[in-house]
Amino acid sequence: MRQKKRFIAGASCPKCKELDVMMLFKEHDVEKVECVKCGHVMTQPEEAVQASTRQFEQVIGVFKPE
């Protein structure tokens, strides 16, 4: 089940290089980023997000390009 999707301002797709086409959503407790233009998908498990988060900081998602 998909939750509400959020667009990432200023982000470009690593595959098609288009700007402002990346959306972030959570599916089955896994955060995903998908390009609405070409369909390229990146996933990152929750443990990797927690490792990148500072104490008392609220983060929607942290993704490191491939």
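Asp 20 sits in the loop between strand 1 and strand 2. In this predicted model, the phi angle of Asp 20 is near 60 degrees, which is a positive value in a residue other than glycine. Lys 17 lies in that loop between strand 1 and strand 2 too, and its phi is near 70 degrees, again positive in a residue that is not glycine. How much of each of these side chains can be reached from outside? Asp 20 counts as partly exposed at 46% relative accessibility, whereas Lys 17 is exposed, with a relative accessible area of 60%.

| Residue | Relative accessible area | Class |
|---|---|---|
| Lys 17 | 60% | exposed |
| Asp 20 | 46% | partly exposed |
| Arg 6 | 42% | partly exposed |
| Lys 32 | 18% | buried |

**The overall plan**

Now let us step back to the whole chain. How many helices and strands does the protein have? There are one helix and four strands. The four strands form an open sheet in the order 1-2-3-4, with antiparallel pairing. At the edges of this sheet are strand 1 (6-7) and strand 4 (41-44), each of which pairs on one side only.

Strand 1 and strand 2 pair in the antiparallel sense over two bridges. Arg 6 belongs to strand 1, and it stands opposite Leu 24 in strand 2. Which distance separates Arg 6 and Met 23 in space? Their C-alpha atoms are 5.3 Å apart, although the two residues are 17 residues apart in sequence. Arg 6 is partly exposed because its relative accessible area, 42%, falls between the 20% and 50% cut-offs.

In soluble globular proteins, nonpolar side chains tend to be buried together. Which residues make up the largest nonpolar core here? This core has eight residues: Ala 11, Cys 13, Val 21, Met 22, Leu 24, Val 33, Cys 35 and Met 42. Strand 2 (22-27) and strand 3 (30-35) each supply at least two residues of the core.

Leaving aside residues up to four places away in sequence, Cys 35 touches Cys 13, Cys 16, Val 21, Met 22 and His 40.

**One salt bridge**

How many salt bridges does the structure hold? It holds one. Lys 32 forms a salt bridge with Glu 27, and the closest N and O atoms are 2.7 Å apart. Is Lys 32 buried or exposed? Lys 32 counts as buried because its relative accessibility is 18%, which is under the 20% cut-off.

**The protein as a whole**

Finally, some totals. The protein has 66 residues, and buried residues make up 26% of them. The protein exposes about 5,000 Å², and carbon and sulfur atoms supply 50% of that area. Among the contacts with a separation of 6 or more, 24% are between residues 24 or more positions apart.

Definitions and conventions. Residues numbered from 1 in each chain as written. Predicted model: local features only at pLDDT ≥ 70, side-chain atom pairs only at ≥ 80, totals over all residues. Heavy atoms only, no water. Core = buried A, V, L, I, M, F, W, Y, C linked by side-chain atoms within 4.5 Å. Buried < 20%, exposed > 50% of the residue type's maximum accessible area, 1.4 Å probe, protein only. Contact = heavy atoms within 4.5 Å. Areas by Shrake-Rupley, 256 points an atom, 1.4 Å probe, with all protein chains shown as cover. Salt bridge = Lys/Arg side-chain N within 4 Å of Asp/Glu carboxyl O. Pairing = 2+ DSSP bridges.
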